[in-house]
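Student: Could you pick one part of this model and give me a close look at what packs around it? I'd like one connected walk-through.

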Amino acid sequence: MTQADTFPPGQRVGWIEFIKIILFGEKFDPLAYARGMSDEYGSFTYSRFGNIEVYQVADPELTHEILVERTAEFHKGIMKSAFEPFAGNGLLTSEGDFWKRQRKLAQPAFHYRRIESYAEAMIAHTEQMLDKWRSGQTVLIDREMMKLTLAIVAKTLFNADVSGDADRVGVLLNHILDAANERLNAPIRLPDWMPTPRRISQRRTIAELDAIINRVISERRASGADEGDLLSMLLLAQDEDGERMNDKQLRDEAMTLFLAGHETTANALTWAWYLLAQHPDVLAKMQAELDSVLGGRVPTLADLPNLPYNEMVIKETMRLFPPAPGLSRSPYQDLELGGHRVPKNALMQISIYAMHRSSRYFEQPDAFIPERFSAENEKHIPRYAYLPFGGGPRVCIGNQFAIMEARLILALVGSRFELALVPGQQVVPQQMLTLRPRESFAMRVTARQPQTQPQLELA
Ligand code: HEM
């Protein structure tokens with residue numbers, strides 16, 4: 001037997017234990033599991049749960065091989081089946097030539113020049129949120145961040161004001177994300193045609209959300225106006241054959257961007273506030289930078305190059321809590337990878353979380369040290385060991401959008417308020433499609449007086 005016929009190192013979880021996990025939700029923590037596998041068995045591992053096999057990759061070079069060098073040999077696997085019922089054939093789930101065409105059509109909306117014009121909306125919505133905050137009050141920080149990023153996506157990409165429907169749209173999108181998570185994580189699934197009560201309610205949710213999205217699309221079609229936003233670009237874009245997108249395709253892309261474009265960024269910010277509250281030294285350094293550059297005024301895009309520490313904080317937060325903790329892929333055909341055979345359609349998981357928390361690639365992997373991302377230190381991080389936005393041709397289309405948004409929000413909120421965790425709460429990260437807190441948590445927000453005097457340097 002050659003090595004290519006063997007499984008990567010790993011373990012089998014027997015049927016009895018597997019059934020206990022399914023039926024009683026017995027202490028199975030996918031994050032701890034992914035990391036444990038990588039620590040114990042290495043960077044390419046195999047697990048079998050009952051009859052389900054999972055190949056986990058937590059290795060920068062193999063990741064590069066899958067996402068870049070051999071990208072055409074893999075499809076999106078289980079992620080596709082989790083999302084398709086909700087997001088249809090949008091950018092996140094489509095494949096092959098169809099995906100290529102759509103990506104080309106959508107790409108101009110994410111060019112840096114275009115994104116620059118979104119900065120004002122990002123700031124304006126953040127100010128609206130802060131106008132409602134009262135010093136000393138507590139807020140559920142994850143919900144605040146979700147509402148904010150949702151309003152920003154709606155405004156910048158669709159020029160739609162969802163403020164009237166914001167709470168409802170937020171609830172509906174969350175419901176859909178929960179449903180997609182469930183599909184992703186359910187080890188046993190009833191056939192899709194079976195109308196369980198949960199599925200009936202999910203269908204209602206999709207219908208309600210579709211109605212909102214379709215309203216936005218048809219209003220725009222009717223007005224024929226080029227609002228210069230993503231929706232206009234998608235409506236007006238033609239491929240080489242002069243074809244335009246139909247309503248169904250527009251709806252799928254819009255739903256995908258709503259889903260992919262707000263919760264991830266909200267999670268990054270939520271975890272940033274959580275970490276900052278527990279690391280006063282980092283918080284103080286961030287505040288000092290904000291005060292010396294902004295002196296209390298509202299940040300603009302032009303300030304970002306002068307706020308390097310603010311970027312390091314976001315990057316380090318996404319290392320410890322990657323908003324997309326894993327990427328799923330499956331081979332189109334049996335293939336060999338890392339010296340092992342991986343069968344056609346096998347479930348593969350590139351564990352970004354396990355890589356980010358591995359001492360193979362990061363010293364003190366659990367410590368919050370933004371300085372790892374200083375221009376000098378960042379060079380020493382192995383290529384493809386830090387991948388919050390994925391890589392290769394399917395890299396996140398919204399990555400610059402998200403970084404800019406997170407940095408502006410962090411800067412504006414951080415210069416006006418200090419956020420402290422309300423004691424007595426247990427904040428537990430939960431791996432779903434995204435990495436979010438299992439329960440909402442409260443933070444006390446206290447207005448701060450930015451230091452407006454330039455620091456005098458004594459000769
Ligand atoms: C911190 C925030 C974000 C994180 C961590 C994140 C992460 C990711 C990752 C890891 C992927 C690759 C998935 C894969 O290869 O299977 C991805 C894809 C994608 N993301 Fe993001 N994302 C973020 C924000 C956004 C935003 C703001 C948007 C849109 C406004 C967006 C839209 C998309 C889309 C459309 C794709 C699919 C791209 C394609 O396959 O062509 N994301 N994202």
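Tutor: Let's start with a helix pair: α7 passes α17 in a right-handed crossing (the near helix is turned clockwise from the far one by less than a right angle). Keep in mind that this is a predicted model, where local features need pLDDT of at least 70, side-chain atom pairs count only at 80 or more, and totals for chains, interfaces and linings use all residues. Residues are numbered from 1 along each chain as its sequence is written.

α7 covers residues 119-132, and α17 runs over 399-416 (helices being DSSP runs of H or I, at least four residues, numbered from the N terminus). The two pack at about 35 degrees, with axes 10 Å apart. On the α7 side, A119, M122, I123, T126 and L130 meet M404, E405, L408, I409, L412, V413 and R416 of α17 (C-beta atoms within 7 Å). That contact is made of nine nonpolar, one polar and two charged residues. As for the spacing, an α-helix has 3.6 residues a turn, so residues three or four places apart point the same way.

Now α17 by itself. Its 18 residues should span 26 Å at 1.5 Å a residue, and the end C-alpha atoms agree, being 26 Å apart. Of those 18, 15 are buried (20 or more other C-beta atoms within 10 Å), so the rest of the structure largely encloses α17.

α12 gives the most, seven residues. The shell has 25 residues, with G261, T264, G390, C396 and G398 the closest.

Terms used: A residue is near a molecule or strand if its C-beta atom, placed from the backbone, lies within 6 Å of it. The expected span of a helix is 1.5 Å times one less than its number of residues. A residue is buried if 20 or more other C-beta atoms lie within 10 Å of its own, exposed if 12 or fewer, and partly exposed in between; C-beta atoms are placed from the backbone. Axes are lines fitted to C-alpha atoms, for helices over the stretch in contact, and angles run from 0 to 180 degrees between N-to-C directions. Two residues are in contact if their C-beta atoms, placed from the backbone, lie within 7 Å. Ala, Val, Leu, Ile, Met, Phe, Trp, Tyr, Cys and Pro count as nonpolar, Asp, Glu, Lys and Arg as charged, and the others, Gly among them, as polar.
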